[in-house]
Amino acid sequence: MTSSIVIVILVTSFATYLSRFLGVVSSESIKETSKLFRWFNCLAYSTLAALIARTIIFPAGSLMETDYFIRFIIVLVSLIIFFLSKKNLVYPTVFSAIILSLLNSFY
Amino acid sequence: MINSKYFFQGFSCIKRMDSPAIALGCCFIAIGALLKNLGFSIQESIFSTLLTYALPGSLVMAESLLVGASLVNIFLAVWLVNARLYPMTVSLMPLLMHESQPRWKYYLSCHFIAVSAWLIMKSNYQTVEKENRIDFWIGIGTATWSFAIIGTIIGFIASDYLNKDMMIGLAIVNPVYFMCMMVGAMKTIQVTLSVILGAILGPLFFFITPEWSILFGGFTAGTIAFFVGELNDK
């Protein structure tokens, strides 16, 4: 292993573990019935939704090469499949990957 | 030490219908291939998934390496994109804490907090009594973590056979899976509003400040959802 890559991995994992660690420290004094807990519950879901929406609308990496409109339609159709299949998660995910690969190789 | 009955009950979540196995596998295959193209060895790739185990963080690390960012910049960029793990931890751990359980279990198993395991735990914690939830959680975490590592190895080995279109197909699986999981979790007013507002405000804040958009957008959306939900309950 080259030392610089190992250092970068260590820095990345430390920056990631830090938020998890501080979360456990704070959890020690938060009751699951408190208002503070409910607020953090909202924050957790909203930051996740913000992150996912951002990766679809302003993606990084290989998704950047796909058309915005195609991505939007695929996510929408996947959600419809999700509901039609009684909340099965396999169908929409497999569908999205195959359709996007195909569409992208044609356009 | 760890109650194996609850550990395996958690571990078997990977076989269920709402299993994250496909989504996790796909995105870590993509990560494995990406790391190989960046010049990582297979040991370094495994090491990276093993220690970080948070997809957006690994992506940011890869991008920063490409542009030759400094260590301080990498630290800040990863910390910013993974700061969402803080509210995720605070909204999960109080559900698992029990005085009969040793503290180290919480500090070690918080490493498993990532979207997939978190969403599964949030929708299943009520099926296990509080005392045993931490062992159930360690089971879920071990299963998803192992899958991520296997995905990284497959991606690293298969990267020569994956063309650009297939990589793009793999990359969409992750957001689609999580979008469906989140929509499936919308059962209370607070959670529903949090998800909808977060999905709108996150990208909107991107126009003002790209780096801080997830935190600012998420914070604003979550706080509005909290107050609306509290007022509604009265």
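What distance separates the centres of domain 1 of chain B and domain 2 of chain B, taken over C-alpha atoms? In this predicted model, the separation between the two centres is 23 Å. The domain assignment places residues 4-183 of chain B in domain 1 and residues 186-234 in domain 2. Where the two domains of chain B meet, domain 1 contributes 6 residues to the contact and domain 2 contributes 6 residues. On the side of domain 1 of chain B that touches domain 2 of chain B, the elements giving two or more residues are α5 (71-82) and α11 (164-184) of chain B. By class, the residues on that side of domain 1 of chain B are 5 nonpolar, no polar and 1 charged.

The confidence values were considered next. For the complex, the predictor reports an ipTM of 0.90 and a pTM of 0.90. The average pLDDT of chain B is 91, and 99% of its residues score at least 70. Among the elements of chain B, the lowest mean pLDDT, 86, belongs to helix α4 (residues 55-67) of chain B, and the highest, 96, belongs to helix α6 (residues 85-90) of chain B.

The fold of chain B consists of 13 helices and 0 strands, and its pattern along the sequence is α-α-α-α-α-α-α-α-α-α-α-α-α. Chain B is as compact as a globular protein of its length, because its radius of gyration of 18 Å is close to the 17 Å that the globule rule gives for 234 residues. Taken along the principal axes, the box filled by the C-alpha atoms of chain B is roughly 55 × 45 × 35 Å. Buried residues make up 53% of the 234 residues of chain B. Among contacts in chain B between residues at least 6 apart in sequence, 77% join residues that are at least 24 apart.

In helix α3 (residues 42-52) of chain B, the buried residues include B:Ser45, B:Phe47, B:Ser48, B:Thr49 and B:Thr52. Just after α3(B), B:Tyr53 adopts a positive phi of about 45°. Helix α9 (residues 115-124) of chain B contains B:Ile120. This residue, B:Ile120, counts as buried because it has 23 C-beta neighbours inside 10 Å. Leaving aside residues up to four places away in sequence, B:Ile120 touches B:Cys13, B:Pro20 and B:Ile140. For B:Ile120 and B:Ile140, the separation is 20 residues in sequence and 8.0 Å in space, C-alpha to C-alpha.

The contact between the two chains involves 71 residues of chain A and 86 residues of chain B. On the side of chain A that touches chain B, two or more residues come from each of α1 (3-27), α2 (35-57), α3 (68-84) and α4 (90-106) of chain A. The largest share of that side of chain A, 21 residues, is supplied by α2(A). In terms of class, the side of chain A that touches chain B comprises 43 nonpolar, 21 polar and 7 charged residues.

Methods. Residues numbered from 1 in each chain as written. Chains lettered and ligands numbered in written order. Predicted model: local features only at pLDDT ≥ 70, side-chain atom pairs only at ≥ 80, totals over all residues. Contact = placed C-beta atoms within 7 Å. Helix = DSSP H or I, 4+ residues; strand = E, 2+ residues; numbered from the N terminus. Nonpolar A, V, L, I, M, F, W, Y, C, P; charged D, E, K, R; others polar. Domains from an automatic or database assignment. Buried ≥ 20, exposed ≤ 12 C-beta atoms within 10 Å, placed from the backbone. pLDDT = per-residue confidence, 0-100. Rg over C-alpha atoms; globule rule 2.2 N^0.38 Å.
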